[in-house]
Amino acid sequence: MTNHWIDIKNSDVILVMGSNAASNHPISMKWVQKAKDHGAKLISVDPRFTQTSAKADIYAPLRSGTDIAFLGGMIKYILDNNKYFADYVVNYTNAAFIVGDKFDFSDGLFAGYNAEKRAYDKALWAYKKDDKGIVAKDPSLKDPKSVFQLLKKHYDRYTPEKVSEITGTPVPDLMKVYEAYATTGVKDKAGTILYAMGWTQHTIGVQNIRAMSIIQLLCGNMGIAGGGVNALRGESNVQGSTDQALLFHILPGYLKAPVATQQTLEEYIAQSTPKSADPRSVNWWSNYPKYTVSLLKSFWGDKATKENGFGYAWLPKLDPGQNCSWLNLFDAMYDGKVKGFFSWGQNPACSGANANKTRKAMAKLDWLVNVNIFDNETGSFWKGPGMDPKKIKTEVFMLPAAASIEKEGSISNSGRWAQWRYKAVDAPGKAEPDGDIMYELMVKIKGLYKAGGKFPDPIMNLKWDYADEKGHFDAHRVAKAINGSFTQDVKIGDKQYKKGDQVPAFPLLQADGSTSCGNWIYCQSYNADGNNMARRKKDDPTGLGLFPGWSWAWPVNRRILYNRASVDLTGQPWNPARPVVKWADGKWVGDIPDGPAPPMADEKAGKYPFIMTAEGFGRLFGPGLNDGPFPEHYEPLECPVPKNLLSGQFVNPTIKIFKGEMDKHFTCDPRFPFVGTTYRVTEHWQTGIMTRWQSWLIEAQPQMFVEISHELAKLRGIKDGDKVKVSSARGELDCVAMVTTRFRPFQLGKLTVHEVGMPWCFGWITPKDGGESSNLLTPNVGDPNTMIPESKAFMVNVTKA
Amino acid sequence: MTMTRRDFLKISGAVGAGLAVSSLGIDMGPVKAYADELKKIDKMKTAKQSTTICPYCAVGCGLICSTDTKAKRIINIEGDPDHPINEGALCAKGAALFQTTADNTNRSTKVLYRAPNSDKWQEKSWDWALTEIAKRVKATRDANFIEKNAKGQVVNRLEAIAHVGSAALDNEECWPLVAMMRALGLVYIEHQARI
Amino acid sequence: MAEGYSILVDTSKCTACRGCQIACKQWNQLPGTKTQQLGTYENPKDLSFDTYKVVRYSEGANGDGKAYWNFFTEQCRHCLSPGCMAAAEKDEIVQDEKTGAVLFTPATKDLDFKATVEGCPYNVPRQNPKTKVLAKCTMCFDRITNNMIPACVKSCPTGAMAFGERDKVLDACKKRVEELKKTHPKAEAINPNDVRVIYIVTDDPKKYFKFAAGK
């Protein structure tokens with residue numbers, strides 16, 4: 001989230017789209033309710049009338065996979081009706097930037113498309129720059145090649161009638177939403193967006209969010225209280241685990257995973273560090289070298305020296321373009337290329353799209369290590385339905401882990417608050433905290449490599465002193481290593497730091513090896529002041545609910561990101577009633593300012609507010625994504641309509657389509673005539689592997705079901721409570737039909753399209769009659785930027801069982 | 001840094017079921033048996049309280065665990081009234097957190113091993129399991145390590161071992177996992193954020 | 001008897017997070033029972049000696065074709081003049097003077113269950129088939145006599161449930177109904193003068209649950 005949970009109370013219009021926050025982030029409704037108490041309006045846009053919709057002032061239905069059409073219509077409405085916050089747009093976004101002459105868009109494709117590679121040459125989307133390398137601008141926003149005019153042109157096609165025919169949303173409902181949301185395009189109104197997997201699990205997932213980011217920038221909602229782009233993340237520490245980079249393409253703190261063409265540290269740093277010619281742009285990522293070197297020091301300690309490139313050679317390198325993300329990982333495993341597998345606190349047998357492929361893939365492994373607190377469909381895959389143990393050679397190790405209350409450490413919520421939590425009791429039986437398990441395992445691996453083996457250097461040189469005197473894993477030692485310390489005596493300014501001192505905050509990190517830091521964005525979390533993540537101060541000086549003394553937020557305890565966009569050029573809040581930061585007496589007061597530089601009215605020292613972009617401006621035009629600088633509506637890979645009404649390009653032209661025997665997909669196929677989608681329920685969590693073992697929760701939500709409309713039920717002769725079969729190109733399952741008024745068929749012009757929905761929290765292991773995972777049905781096709789699978793829009797059939 | 005006992009849940013009233021009931025003027029007779037059910041509240045008064053954060057969605061609600069230090073068991077888990085985000089409230093999952101404790105006999109408490117082609121688990125020791133896993137990691141890595149790619153560039157990576165997980169682990173566990181897996185040369189490193 | 005405590009249940013704020021239903025189980029250490037998916041989110045399908053609180057779901061379409069989904073978190077009303085006590089002779093059922101909580105003691109095993117249930121306007125009392133003891137919500141008597149609020153009220157994130165001194169609750173109830181009437185003309189508090197657990201609804205109580213306003 002750019003903002004945080006409590007901040008929702010400061011909103012005037014709350015759009016919940018791509019999320020059923022009331023069910024899946026229930027406590028968020030506390031803050032939605034508080035906003036409503038002072039007159040805020042709640043809007044719910046969802047294919048299904050959900051628990052959130054039941055509390056909404058405005059509900060609008062839309063067909064799964066058509067969010068860009070919907071939002072594109074809103075962009076057009078805001079521009080056509082001059083509902084945008086002009087001062088904000090001109091000064092803080094790239095609206096005035098001039099785009100180069102090579103940029104074009106025609107019939108669904110941007111300039112530079114290579115059909116064979118299914119990729120764009122993004123160089124054709126570059127800005128026009130002057131001879132100093134500074135982007136050309138037209139502050140009047142009239143130049144036809146200005147981002148603003150290109151934006152207007154792009155969304156001109158998204159008329160309410162066209163949008164309605166794509167999304168199935170009646171035009172009056174569209175207008176209600178557009179009108180209500182556009183009221184936030186003024187300086188004293190705040191609009192927020194709460195979204196989740198309903199937006200990310202699509203082949204146009206990232207562009208869904210980009211579309212809303214454009215709206216938020218147009219309305220001046222970024223950086224203000226009650227505004228922002230707020231991802232409601234799905235797991236207690238998925239924010240933290242992403243920050244720590246348990247993903248193939250990054251290193252801790254969102255540094256890039258190195259590539260084979262970067263053979264030296266110097267090459268890696270040169271290619272990874274963005275440059276800006278504009279002295280008014282902070283371009284914070286220009287500090288990249290400091291964070292890289294400090295990270296390498298945290299991995300290899302004293303073994304990382306200037307002479308050996310701080311151990312850079314010990315990091316694995318990807319080939320250029322090599323993508324090791326989830327869908328590719330299991331594809332490689334299915335092809336027998338993966339021999340050993342750690343499934344650590346995760347249940348891919350039920351969570352991965354096209355779960356049949358995942359389960360079959362695991363049967364090809366030599367060995368599997370499953371760490372979990374309960375038995376699950378992954379560790380026990382070999383005795384699951386359709387599996388013959390006699391034919392499966394995979395060795396499986398089930399390691400019992402401690403539950404959250406049986407160990408100590410921090411987790412980061414969606415609002416970037418890293419909160420420390422404590423151990424109440426020891427884990428039962430032989431269960432151990434995950435930290436102890438990984439610590440011991442690596443000690444043993446190091447022991448084996450002492451005697452020799454392939455390229456032992458990174459293993460033997462890995463700094464691994466994370467146990468206390470008794471040999472137990474010590475979370476505090478790790479937390480301190482993540483924060484970072486000085487590796488030698490260092491003088492910075494007039495302050496003398498000693499070797500071993502914790503680094504106070506990341507502005508003091510160095511690129512010369514004198515600092516070690518496991519994750520630069522967590523630098524300050526555990527410093528000389530102590531464990532800042534464990535703080536419990538209830539002061540709220542601004543009254544906005546920032547609670548700066550409760551836990552610790554990254555970066556540097558900033559609670560609202562981009563908050564220097566919440567003030568005018570002189571540093572005075574756009575809305576004095578909700579002052580996030582304010583420039584007074586030569587300094588900022590309020591939240592930690594997003595860059596300490598003075599306001600932009602200071603011609604010499606003032607800096608642009610969006611410090612994490614190289615240019616310093618919010619991006620209406622986003623030239624870095626794989627599928628285009630402007631979001632464009634494309635149909636899901638499996639969809640119910642014969643063509644895309646907005647262009648000749650049917651589906652996202654840059655997505656990877658798997659072509660193996662397990663990778664089937666069908667569009668407009670009479671065998672799978674209904675749109676299928678998946679979602680969560682309050683009572684279970686993710687695949688249900690923790691919650692299905694709990695009697696209170698399984699009592700409240702006992703069995704797999706599919707929600708279908710009364711109209712569809714009539715069509716298929718199904719009654720509420722009947723047993724039905726739901727099938728897709730990839731699999732099928734039996735479940736109970738929930739016939740409801742909350743799904744209605746979509747009228748798309750002359751076409752009537754039915755949609756059904758299922759939770760994905762069930763699995764064969766328990767309860768015995770509980771049902772299976774809806775991921776047996778979902779397609780393994782992903783967004784071209786993130787490769788997140790399109791679990792939210794695919795085609796199914798529903799028949800009486 | 002250990003958590004000292006603090007009264008997050010400010011439970012008043014004296015210890016002793018009899019006292020709590022009779023102080024309200026109710027005839028002891030018929031409610032005496034009911035008073036037995038007050039044992040939980042009495043236990044709560046002497047329990048050690050500690051704070052935790054919910055392990056489910058990413059709102060990050062605060063909870064208080066009450067632990068019977070003699071029996072070494074958690075006896076109650078409910079919301080932390082001081083937490084600024086949830087102010088003591090919890091949804092169904094957080095409210096049920098007690099059922100993730102040892103009270104739930106479904107918890108995995110044994111180290112188990114499944115041999116090739118077998119249809120059953122065998123119980124093993126930690127030392128055996130971690131030793132065997134380490135051996136396999138080394139064997140697979142040594143046999144499949146890629147020092148140079150097809151272009152002759154040094155890549156030092158391992159594609160034959162993959163890792164997924166976990167958004168359910170603490171930051172102080174995620175980070176060492178990353179360090180460990182990168183040190184082994186893994187590139188197939190993924191988790192819940194990707195799906 | 002206007003003193004004692006009351007619980008206000010403002011269903012307009014309820015999101016069916018089921019925190020209350022589970023918090024009750026957790027506090028009282030009641031077992032989870034075996035249930036089936038019957039085509040609804042509602043489960044278990046009724047109150048029982050193991051379930052003192054159940055969230056009722058009721059959906060449909062209004063006259064304008066718009067869907068509605070009402071949530072009603074059912075529990076004992078802790079009536080001021082408990083109908084369940086009518087069939088009791090001795091102190092099998094106790095009404096606490098200070099708090100107003102209506103409590104079933106173990107001696108309820110000797111009561112005529114059928115008569116007790118019939119005496120209750122809200123169809124609340126349930127029986128343990130083995131021990132014959134009756135069970136229902138206790139207003140978390142052990143908590144409220146020890147400076148804690150009922151477990152269900154505490155767990156509620158939106159403030160749909162609130163607990164306090166009866167006169168204050170009645171005040172808050174009146175204010176809220178007035179406010180809701182501006183946008184929901186059918187808003188009402190159900191039998192606020194007869195019960196301590198007062199539900200506010202914005203539509204016909206029957207569109208929430210068949211016993212919402214009594215049998």
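The sulfur of B:Cys54 lies 6.2 Å from the closest cysteine sulfur, that of B:Cys61, which is too far for a bond. A disulfide is a covalent bond between the sulfur atoms of two cysteines; here the term is applied to a pair of cysteine sulfur atoms within 2.5 Å. B:Cys54 counts as buried, at 9% relative accessibility (buried means under 20% relative accessible area, exposed over 50% and partly exposed in between, with a 1.4 Å probe and protein chains only). For A:Cys523, the closest cysteine sulfur is in A:Cys517, 4.6 Å away and too far for a bond. A:Cys523 also counts as buried, its relative accessibility being 0%. Over all chains, a search of the whole structure finds 0 disulfides.

The model is predicted: local features need pLDDT of at least 70 and side-chain atom pairs count only at pLDDT 80 or more, whereas totals for chains, interfaces and linings use all residues. Side-chain values use heavy atoms, without hydrogens and water, residues are numbered from 1 along each chain as its sequence is written, and chains are lettered from A and ligands numbered from 1 in the order in which they are written.

Chain B contains 6 helices and 8 strands, both taken as DSSP runs numbered from the N terminus (helices H or I, at least four residues; strands E, at least two). Their order along the sequence is α-α-α-β-β-β-α-β-β-α-β-β-α-β. Of the 195 residues of chain B, 65% count as buried. Contact means heavy atoms within 4.5 Å. Among contacts in chain B between residues at least 6 apart in sequence, 43% join residues at least 24 apart.

In chain A, helix α4 (residues 67–80) packs against helix α10 (residues 205–218) at an angle of about 15 degrees, and their axes are 9 Å apart. Axes are lines fitted to C-alpha atoms, for helices over the stretch in contact, and angles run from 0 to 180 degrees between N-to-C directions. Residues of α4(A) in this contact include A:Leu71, A:Met74 and A:Ile78, and those of α10(A) include A:Ala211, A:Met212 and A:Ile215. The contact residues divide into 11 nonpolar, 2 polar and 1 charged (Ala, Val, Leu, Ile, Met, Phe, Trp, Tyr, Cys and Pro count as nonpolar, Asp, Glu, Lys and Arg as charged, and the others, Gly among them, as polar).
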